[in-house]
Amino acid sequence: MKKYLFSLLIFINILFASECGNKLFTFQNSADSNITVDSFLKALLIENCNINVVYDDKLTEQKAKKTLIGDIAIKNYNLKQILDLVVSDNNLFYDLTDNKLKVSYVATKTFNIDYIPSTRTGSATFKASSSGTTGDTNSVDSKYEFNFWDTLAGNLNNILNTVDRYRAAEPVINKNAGLVTITATKRQLQRVEKYINDLNKRLHKQIVIDVKIYSVNLSKAHQTGIDWSNFNFSLGTSTTPESTPITASNIVGSQSIFSNAVFNVSGLLNFLATQGNVNSISNPKIVTLNAQKAIISVGDTINYRVMVKGSYLDANGIQQPPTYEAQSKFVGVLLDITPEISDNGTIILRINPTISTFRDETQLNDPTRELAPDTTDNKLSTVVRIKDGQTLVLGGLITNKDSLNENGVPVLKEIPVIKYLFSSKYKISQKNELVFVVTPHIVDLHKKRTLKDLGY
């Protein structure tokens, strides 16, 4: 075997010294020669370069003695290039120090992942209580649970032990330090390293979400909602002859997404003013990481009490008063947005707005009521694909509010019996439609952008 091996190895271009580190090698080997990594290293390093070959353990030695180097033909390769070709490409690690080459089948490497060690779980809910107690919640029908570190551990196990025969041990994860330590083969570690590098790139992407929420008190002519068929604007300016009008027949699908070149808030407000009185409810700007929920709420927290135990006689026969628990309920607008940023800069937005209103506001003035106030919820859920800087318009959430107005002659309208002759009551019904204007901006830390570019 050695004679056959030496007949295949032709060393040329000895440069300046006899050390193998300063040599260039040319050799050719056929696949049917059955030369293993072990025999090749011993012939090249031990007998020709005076470099000792040391295997890290029995498993590594067995691997080197069983792995054939295959069909190779190279010219003018230095020693490192040869070791990369014969050792690294055969799923082995090596370390060449002085006159010793150490070869290993498995190695341990620690990766750094910057992520908060927490678990996000719930129903996209917002709990508000000035007393700090746990109460009823107003929730969007969008349940989620995100445990990053548990998910990561499962993904790494699948990446490690899907292809190779060698079964790597489970990763050692330190959540608080953000460290992942893995012992595996070279190919396994290469797959893990690529995955973690890609993961870090996606995790560290940030996005600014500019949200404008308007309430339109619908006029009598638009009691069924905003007539989006009249919403139109033009490309260019009014003085540009090639100006092209654009009409949105309704705010659905691609017709609800506008680029900065053709959309401005003033034009939208002017249109909404033709449908009724317009009020700006909120204009928050929130920064969130990629694939992390952003929750925006605008409303009131209503505190109430619930009886947890009725009155009773104690062991001494003394009547004890009932026991109550303070709770709270959020009523208003709740907007849940989850952005996902793709590698090409496209953004997928999962949007879940909900509006809750009182069914009967007089319940708030009832001192004997021991249940949460009755509310009406209007919800919407959508997933859209949008580009950086484009604007999404969402409408269609309509709320009804009934109120009772009383007019009459002062003093006389308070006198029993005759008050009906000097007073009148009438019911006022108001319809309001909420319009959400959402504009996401990707925060590129490598690109210089002004606050104006980010919607400020």
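Modeller: Start with Val172, which stands opposite Thr181 in strand 13. This is a predicted model, so keep that in mind throughout.

Biologist: In which sense do strand 12 and strand 13 pair, and over how many bridges?

Modeller: Strands of a sheet pair through backbone hydrogen bonds, and the pairing is either parallel or antiparallel. Here strand 12 (residues 172-174) pairs with strand 13 in the antiparallel sense, over three bridges.

Biologist: How many residues lie between strand 12 and strand 13 in the hairpin?

Modeller: Four residues lie between them. In that turn, Gly178 has a positive phi of about 70°.

Biologist: How many bridges join strand 7 to strand 13?

Modeller: Seven bridges join strand 7 (residues 106-112) to strand 13 (residues 179-185), and the two strands run antiparallel.

Biologist: What is the order of the strands in the open sheet?

Modeller: The order is 7-13-12, a sheet of three strands with antiparallel pairing. Strand 7 and strand 12 are at the edges with a single partner strand each, so one side of each has no neighbour in the sheet. From one strand to the next, the twist averages 15°.

Biologist: Which strands does helix 5 lie across?

Modeller: Helix 5 (residues 148-160) lies across strand 12 and strand 13, and it runs at about 10° to strand 13.

Biologist: Now the helix pair. At what angle do helix 2 and helix 4 pack, and how far apart are their axes?

Modeller: Helix 2 (residues 37-49) packs against helix 4 (residues 79-86) at an angle of about 170°, and the axes are 11 Å apart. An angle over 145 degrees counts as roughly antiparallel, so helix 2 is roughly antiparallel to helix 4. Their crossing is left-handed.

Biologist: Which residues in helix 2 and helix 4 meet?

Modeller: From helix 2 come Val37, Phe40, Leu41, Leu44 and Leu45, which meet Leu79, Ile82, Leu83 and Val86 of helix 4. Sorted by class, the contact of helix 2 with helix 4 has nine nonpolar residues, with no polar and no charged ones.

Technical notes:
Residues are numbered from 1 along each chain as its sequence is written. This is a predicted model: local features need pLDDT of at least 70, side-chain atom pairs count only at pLDDT 80 or more; totals for chains, interfaces and linings use all residues. Side-chain values use heavy atoms; hydrogens and water are left out. Axes are lines fitted to C-alpha atoms, for helices over the stretch in contact, and angles run from 0 to 180 degrees between N-to-C directions. Angles under 35 degrees count as roughly parallel, over 145 as roughly antiparallel, 65 to 115 as roughly perpendicular and the rest as oblique. A crossing is left-handed if the near helix is turned anticlockwise from the far one by less than a right angle, and right-handed if clockwise. Contact means heavy atoms within 4.5 Å. Ala, Val, Leu, Ile, Met, Phe, Trp, Tyr, Cys and Pro count as nonpolar, Asp, Glu, Lys and Arg as charged, and the others, Gly among them, as polar. Two strands pair if DSSP finds at least two bridges between them.
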